[in-house]
Amino acid sequence: MAMTMTQKILAAHAHLAEVKPGQLILADLDGVLGNDITTPVAIKEFEKAGFDHVFDREKVNIVLDHFVPNKDIKAAQQSKACRDFCHKHSVKNFFDVGQMGIEHALLPEQGLVTAGDCVIGADSHTCTYGALGAFSTGVGSTDMAAGMATGKAWFKVPEAIKVVLKGKLSPYVSGKDVILHLIGEIGVDGALYRSLEFTGEGVQSLSMDDRLCICNMAIEAGAKNGIFPVDSLTLSYLEGRSQRPWKIYEADEDASYIQTITLDLSLLEPTVSYPHLPENTHLAKEGESIFIDQVVIGSCTNGRLEDMQAAFEILKGKKVKDGLRVIIIPATMQIYKECLVRGYIEAFIDAGCVVSTPTCGPCLGGYMGILAENERCVSTTNRNFVGRMGHTSSEVYLASPYTAAASALTGHITDPRKV
Amino acid sequence: MENVRGRVFKYPDNVDTDVIIPARYLNTPDAKELAVHCMEDIDRNFVSQVCAGDVMVGGWNFGCGSSREHAPLAIKTCGIGVVIAKSFARIFYRNAINIGLPILESEEAAEKIQPGDIVYVDFQTGLITDETLGCSWQAEPFPEFIQNIIDKGGLMASLKE
């Protein structure tokens, strides 16, 4: 039977010649991930069930990124619980303050996930690694605990939606605009339980950072995972970085898809998702009447080097609008350092922005940029639900780093092609 | 699993895990502390009114967003005996099964049931009865594999076997 890319990876990890959509399988895991919010719950479950060791100390990845450097005593206790667990079980890939980054930027950067992998993470944006040609999906803490104990997870083999990409993005349009546009087309449950499989000649024009951003938000369409084919760009990214040998899976020519969507990249324009759902998309050029109080550029969606470069291109030598708070958060220490070397951070500070060490903080309304009553923020993060970044009457507008930086200069939603 | 009879709290489509339990409270894994803030960003009265065995009803894509298991945990710890929705977001669906929060999918039931109705759920048959309206609906049955996890009391308990 012909299979999609996701189905082939799942079949291989379940030691089966083939799998069919709807089939329940038990798959071997190449990686299990948790963060400082989800890991403490997993530790409780792991210990309550009486397990005394992790299945493979090199395949458990624990990253403190949501509330670090710790925002309060309770958050510090959670980090300590993770730290103690990693020490006790000699977890090799434990990332504490100083080495950490936002997990979904960090793991690909450090070569801890690679093409052909089957990975679960107790964080919904674990679907990011599909950009490398891996199957990766978000789960809860109990699945993480079971994964750490056994090295396996159960999955229902998903049906697939094929997204055929044509053409090439225009200047100032990025991967974020691609995924926001797609979510606007199919809705926040348009890919529920399914895999989003990207293909077509348009793929080659997308950078790794674009692909990581696109797969990152597959969950915002309800998808189980997003995945890109492995091409020469993927291989050059993995070369010298991947800590394990990779394997390339390709969808069969005659694989079956429940739906096919064609996107002409050259027609896309800077796109913004208005409150309170990512599917509520509008063109940035139509948002000039929406005045804002804050801009956030960062997160697992858009805290990578190209995102910082986009912000730099717009902000260098300029000043952010008076009265606006602009928070820029490079996603890993390596990205932070590179921003320093390239002069981005100096330019950001000169423009009137604040630059933070890596954290998920403001994206989920944790800390470092909480919104007051009725305040509005243009943010490169991934969710704009009620109360997501602070007060329940505050509003989050999701956009690309170009659009967010352009909006930082004007104080209202702004098409980056206009500044 | 014990059958449930309770009063309905009804919510719209796309109830996300940020409103079920806002991230500002995720600095603790303690279920009781989390339960105090359950649903507060969309329903300030929920926690003070909910009683053990009550029923939560949602629309499409219930539990979308974050993977936080704190969300089903908070709902369960509040006393909710079952969540009925038109559909569930996939991570929430897994999490609910893994931690033993009963969930049922029924488009019709989730459409017709009204806030405040008294609803009875028979888990053996999957029959949902709205005693206020005098109507019954059959929920979608779980695959056998998942029913097994539920019967054993959650994922970790089933692993121990």
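**Figure 1. Strand S2 of chain A and its two parallel partners.** In this predicted model, three bridges join S2(A) to strand S5 (residues 118–121) of chain A, and the two strands run parallel. Within this pairing, Val32(A) has Ile120(A) of S5(A) as its bridge partner. S2(A) is also joined to strand S3 (residues 60–63) of chain A, here by four bridges and again in parallel. In that pair, Leu33(A) stands opposite Asn61(A) of S3(A). Strand S2 of chain A comprises residues 31–35, and five of its five residues are buried. The cover extends to both faces of S2(A): Gly31(A), Leu33(A) and Asn35(A) are buried on one side, and Val32(A) and Gly34(A) are buried on the other.

Figure 2. Helix H7 of chain A spans residues 208–216, and nine of its nine residues are buried, so the helix is largely enclosed by the rest of the structure. The buried residues of H7(A) are Met208(A), Asp209(A), Asp210(A), Arg211(A), Leu212(A), Cys213(A), Ile214(A), Cys215(A) and Asn216(A).

**Figure 3. The two domains of chain A and the contact between them.** Chain A is divided into domain 1 (5–245 + 253–264) and domain 2 (272–418). The centres of these domains, taken over C-alpha atoms, are separated by 24 Å. Domain 1 of chain A places 33 residues in the contact, and domain 2 of chain A places 33 residues in it. On the side of domain 1 that touches domain 2, the elements giving two or more residues are helix H4 (103–109), helix H6 (175–186) and H7 of chain A. H6(A) gives the most to that side of domain 1, with six residues.

**Figure 4. The largest nonpolar core.** The largest nonpolar core holds 194 residues, of which Val295(A), Ala405(A), Ala74(B), Ile75(B), Val83(B) and Ile84(B) touch the most other members. Helix H10 (residues 305–315) of chain A gives the most to this core, with seven residues. Domain 1 and domain 2 of chain A both give residues to the core, so the core lies between them. In soluble globular proteins, nonpolar side chains tend to be buried together.

**Figure 5. Val83 and Ile84 of chain B.** Apart from its neighbours within four places in sequence, Val83(B) is in contact with Met56(B), Gly58(B), Phe62(B), Ile75(B), Leu101(B) and Ile103(B). Strand S3 of chain B covers residues 82–85, and three bridges join this strand to S4(B) in a parallel arrangement. Ile84(B) stands opposite Leu104(B), which belongs to S4(B). Val83(B) and Ile84(B) are also among the residues that touch the most other members of the largest nonpolar core.

**Figure 6. The seven-stranded sheet of chain B.** Seven strands of chain B form an open sheet with mixed pairing, in the order S4-S3-S2-S1-S5-S6-S7. Strand S4 (103–105) and strand S7 (135–138) of chain B stand at the edges with a single partner strand each, so one side of each is left without a neighbour in the sheet. Neighbouring strands of the sheet are turned by 30 degrees against each other on average, with direction ignored. Strands of a sheet pair through backbone hydrogen bonds, either parallel or antiparallel.

**Figure 7. The interface between chain B and chain A.** In this view, 36 residues of chain B are in contact with 43 residues of chain A. On the side of chain B that touches chain A, the elements giving two or more residues are helix H1 (17–20), helix H5 (90–99) and helix H8 (155–160) of chain B. H5(B) gives the most to this side of chain B, with six residues.

**Figure 8. The fold of each chain.** Chain A has 13 helices and 18 strands, whereas chain B has eight helices and seven strands. The radius of gyration of chain B is 15 Å, close to the 15 Å that the globule rule gives for 161 residues, so chain B is as compact as a globular protein of that length. For chain A, with 419 residues, a compact globule would have a radius of gyration near 22 Å, and the value of 20 Å agrees with this. The C-alpha trace of chain A spans about 60 × 50 × 40 Å along its principal axes, and that of chain B spans about 45 × 40 × 25 Å. Buried residues account for 60% of the 419 residues of chain A and for 49% of the 161 residues of chain B.

Key: Residues numbered from 1 in each chain as written. Chains lettered and ligands numbered in written order. Predicted model: local features only at pLDDT ≥ 70, side-chain atom pairs only at ≥ 80, totals over all residues. Rg over C-alpha atoms; globule rule 2.2 N^0.38 Å. Buried ≥ 20, exposed ≤ 12 C-beta atoms within 10 Å, placed from the backbone. Core = buried A, V, L, I, M, F, W, Y, C linked by C-beta atoms within 7 Å. Domains from an automatic or database assignment. Contact = placed C-beta atoms within 7 Å. Pairing = 2+ DSSP bridges. Axes fitted to C-alpha atoms, helices over the stretch in contact; angles between N-to-C directions.
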